[in-house]
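Colleague: I'd like to go through the labels on this model and hear what backs each one. Can you show it to me first?

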Amino acid sequence: MPMSSAATSNHGAIREFMDRHYRHFNARTTIEAARGWIGQLERGNQMMLTLAGAMSTAEIGLTLADLIRAEKVHAISCTGANLEEDVFNLVAHDAYRRIPDWRSLTAQDEAELAAQGLNRVTDTCIPEDEAMRKIESAVLAHWQRADRAGEEHPPHRYLYDLLLSGELANEYQIDPADSWLLAAAEVDLPLFVPGWEDSTLGNMFVASHLAGDLSSLRTVQSGLHTMQRLIAWYEATTAGDVEVGFFQIGGGIAGDFPICVVPLIEQDLRRPAKLWSYFCQISDSTTSYGSYSGAVPNEKITWGKLSPESPKFLIESDASIVAPLVFSYVLAS
């Protein structure tokens with residue numbers, strides 16, 4: 001879906017601002033990383049994006065949805081929280097509560113928010129009933145349908161089907177064009193969700209099984225199945241002249257899991273595999289060789305993930321500020 005001329009103009013204006021003002025330090029790295037992404041696309045390569053943290057609650061879909069529709073990102077690895085929280089925001093945005101003075105909250109303040117069914121993510125509270133329970137009841141029907149048929153699917157497939165069915169359309173409280181997951185569902189974007197069990201819907205799925213509403217835990221495939229799909233996707237994508245770049249937001253499993261596919265193929269399956277052709281991480285983790293999330297990109301060379309020639313960028317900043325700027329810059333290309 002092409003962007004409107006107004007949207008294109010806005011991205012162009014942002015790009016011009018960044019080109020003029022972002023000349024040094026993290027700002028300069030942000031420009032270089034965005035230009036490196038554009039260079040990857042111009043060479044016919046693809047880009048894997050990984051989402052950690054609370055980027056969906058930060059409404060990253062405002063730019064990411066356009067990026068997906070413009071075919072400038074070709075696969076996403078995200079946490080279970082980012083998978084579900086985009087849908088929560090889609091149907092319950094009006095019931096979210098912003099906490100302007102969140103740094104001043106006491107333990108008792110937090111308890112009062114909990115008593116109101118509000119789950120806090122920094123300055124934003126996700127409403128339990130309007131968001132989590134609403135989606136639980138909707139997706140449970142899809143789980144049960146697959147359960148009865150003896151089917152097994154990855155966790156995102158059920159949310160893709162839920163959104164594409166249109167059954168939630170009357171519940172939307174934001175412009176659906178701003179939902180990155182809906183954009184991904186519309187183009188059937190390859191999506192990988194490692195450790196999905198560590199999410200609200202993952203917890204609800206296990207509870208539904210224990211309550212007798214689902215007969216099999218296999219109805220939603222595990223992280224091992226996810227790695228198997230990732231191997232198949234990576235080998236198929238890089239079978240010809242195409243290489244894949246890696247743009248990582250935050251740390252943790254969303255990034256650690258997919259980047260390992262290259263050494264897995266090369267060292268464990270003993271099949272040839274192309275290294276990642278580009279790497280960028282936006283991180284506010286303290287740089288440290290004892291912290292995977294804080295490791296500098298060169299460390300990945302020793303693990304068989306990057307080559308010395310791979311373009312490598314580390315933007316030490318807040319992803320909720322930097323990522324939309326990078327996305328907008330790329331969209332202006």
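Modeller: Start with T238, which sits in the loop between α10 and β7 (244-249). Helices (H or I, at least four residues) and strands (E, at least two) are DSSP runs, numbered from the N terminus. It's a predicted model, so local features need pLDDT of at least 70 and side-chain atom pairs count only at pLDDT 80 or more, while totals for chains, interfaces and linings use all residues. Residues are numbered from 1 along each chain as its sequence is written, and side-chain values use heavy atoms, with hydrogens and water left out.

Colleague: Why is T238 called buried?

Modeller: Buried means under 20% relative accessible area, exposed over 50%, and partly exposed in between (1.4 Å probe, protein chains only). T238 has 9% relative accessibility, so it counts as buried.

Colleague: And what is T238 in contact with, leaving aside neighbours within four places in sequence?

Modeller: E243, V244 and K274. Contact here means heavy atoms within 4.5 Å.

Colleague: What makes L217 partly exposed?

Modeller: Its relative accessibility is 44%, so L217 counts as partly exposed. You'll find L217 in the loop between α9 (200-210) and α10 (223-237).

Colleague: Which residues form a nonpolar patch on the surface with L217?

Modeller: V206 and L210; together the three have about 290 Å² of accessible area. Patches take residues with over 30% relative accessible area and no salt bridge, joining like charges within 9 Å and nonpolar side chains (Val, Leu, Ile, Met, Phe, Trp, Tyr) within 5 Å. A salt bridge would be a side-chain nitrogen of Lys or Arg within 4 Å of a carboxyl oxygen of Asp or Glu. The areas come from the Shrake-Rupley method with a 1.4 Å probe, and for residues only the protein chains shown count as cover.

Colleague: How do you know that both faces of strand β2 (residues 75-78) are covered?

Modeller: A75 and S77 on one side are buried, and so are I76 and C78 on the other. In a regular strand the side chains alternate between the two faces of the sheet.

Colleague: What makes β1 and β2 a pair?

Modeller: Two strands pair if DSSP finds at least two bridges between them. Strand β1 (residues 46-51) and β2 have four, in the parallel sense, and T50 has S77 as its bridge partner. β2 also pairs with strand β6 (residues 191-192), parallel again, over two bridges, where S77 stands opposite F192.

Colleague: Why is the unit of β1, helix α3 (residues 61-69) and β2 called right-handed?

Modeller: A crossover gets that name if, with the strands pointing away from the viewer, the path from the first strand over the helix to the second runs clockwise. The β-α-β unit made by β1, α3 and β2 is right-handed in that sense.

Colleague: Why are β3 (97-98) and β4 said to stand at the edges?

Modeller: The open sheet has three strands in the order β3-β5-β4, with antiparallel pairing. β3 and β4 each have a single partner strand, so one side of each is left without a neighbour in the sheet. T124 in β5 stands opposite V121 and also opposite R98.

Colleague: Last one: is F25 buried or exposed?

Modeller: Exposed, because its relative accessible area is 75%. F25 is in helix α2 (residues 25-42), and its phi is near 60 degrees, a positive value in a residue other than glycine.
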